[in-house]
Amino acid sequence: MDVAELVRIRTRHPERIAEAAARRRRRPLLGDRGRLMIVAADHPARGALGAGGRGLAMANRADLLERLCLALSRPGVDGVLATADILDDLLLLGALDHKVVMGSMNRGGLQGASFELDDRFTGHRPEDIHRLGFDAGKLLLRIDYDDPGSLTTLESTARAVDEMAARRLPVFVEPFISRRASDGRLVNDLSADAVTRSIAIASGLGGSSAYTWLKVPVTENPDDMARVLETSTLPAVLLGGEVGGRAEDQAAAYEKWRGALQLPTVQGLVVGRSLLYPADGDVAAAVDTAVGLL
């Protein structure tokens, strides 16, 4: 990974990013097998740099890019979800041809901040995704019933859904019912009832659901996923979430995903840190195992 060359291009020829986007060879969202395997790397822009027990694992950009390029090179990996800075680097590296590219849209709710739930759209706008020829967008929707500000997040999310639908661009909505723990941390409720409510709310946002997908967690009890996903007919992908730094944690995550992937609305996986920073350090093996679940 030649960081100096990336910096040289950014310094002297920033226009090459747009040029690389314009000549990128595109593909349909769904390939012949009709399933999606997306590697996520939009965590750093929220200040969430930890992975596998290392608090700043994702802070080394060259290392992250090397892991992403390796993951994208593995058979069966369809694409990447990331913020503009990372996607710009991948464009310059030529790593996005024939890949699904998802722009991450709202990154304003910084991890651990008092305003974490005020998740404003500080990343890709719908017009950016369209202008760059990217294939989809993703947004996070965390709702705290005790926080009146959640209504603002709901409204801005609905307008983003409208703007993406107007451009016929898929948007992946990642909904949670959240709450503040006694120590102030924001906690996502993964009970069956909470995930069911979050799916119902997210499915009804905007003036059209034609281009809306759901990005959902596996519930605390994986056996609840069948009834939870009966809440909507929108296509869904599973998110990876926090997996832990031990090999047994990784194996348990694979098993949870395996069962949920059999459900009729589930179309694939969007997984990040658990594949890019696996417990044993073998990125290729972790990615190949996840692909095998599909």
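Visitor: On what basis do the local features and side-chain values rest?
Guide: Residues are numbered from 1 along each chain as its sequence is written, and side-chain values use heavy atoms, with hydrogens and water left out. Because the model is predicted, totals for chains, interfaces and linings use all residues, side-chain atom pairs count only at pLDDT 80 or more, and local features need pLDDT of at least 70.

Visitor: Which helix or strand gives the largest share of the lining of the largest pocket?
Guide: A pocket here is an open set of points on a 1 Å grid over the protein atoms alone, where a 1.4 Å probe fits and protein lies on both sides within 12 Å along at least five of seven lines, and lining residues have an atom within 4 Å of a point. The largest pocket holds about 970 Å³, a volume being the space filled by probe spheres set on points that are joined across faces, edges and corners. Elements that each supply at least two lining residues include β4 (136-143), β5 (171-180) and α9 (247-260), where helices (H or I, at least four residues) and strands (E, at least two) are DSSP runs numbered from the N terminus. The largest share, 5 residues, comes from α9.

Visitor: How many charged residues are in the lining of the largest pocket?
Guide: The lining has 39 residues, and Phe-176, Asn-188, Gly-241, Glu-242 and Arg-273 lie nearest the centre of the pocket. Ala, Val, Leu, Ile, Met, Phe, Trp, Tyr, Cys and Pro count as nonpolar, Asp, Glu, Lys and Arg as charged, and the others, Gly among them, as polar. By these classes there are 16 nonpolar and 9 polar residues, and the charged residues number 14.

Visitor: Is Asp-135, which forms a salt bridge with Arg-24, buried or exposed?
Guide: A salt bridge is a side-chain nitrogen of Lys or Arg within 4 Å of a carboxyl oxygen of Asp or Glu, and in this pair the closest N and O atoms are 3.2 Å apart. Asp-135 lies in the loop between α5 (126-131) and β4 and Arg-24 in the loop between α2 (15-23) and β1 (36-40), so the pair ties together parts that are 111 residues apart in sequence. With buried meaning under 20% relative accessible area, exposed over 50% and partly exposed in between (1.4 Å probe, protein chains only), Arg-24 is buried, and Asp-135 is likewise buried.

Visitor: Which residue forms a salt bridge with Asp-78?
Guide: Asp-78 is found in the loop between α3 (61-73) and β2 (79-82), and the partner, 51 residues away, is in the loop between α2 and β1. Both residues of the pair are buried. The N to O distance is 2.8 Å, and the partner is Arg-27.

Visitor: What separates Glu-255 and Arg-258 along helix α9?
Guide: The two side chains meet in a salt bridge at 3.1 Å, N to O. Glu-255 counts as partly exposed at 46% relative accessibility, and Arg-258 is partly exposed at 36%. Because they are 3 residues apart in the helix, the separation is about one helical turn.

Visitor: What is the relative accessible area of Arg-168?
Guide: Arg-168 lies in the loop between α6 (150-166) and β5, and its phi is near 55°, a positive value in a residue other than glycine. Arg-168 counts as exposed, with a relative accessible area of 64%.
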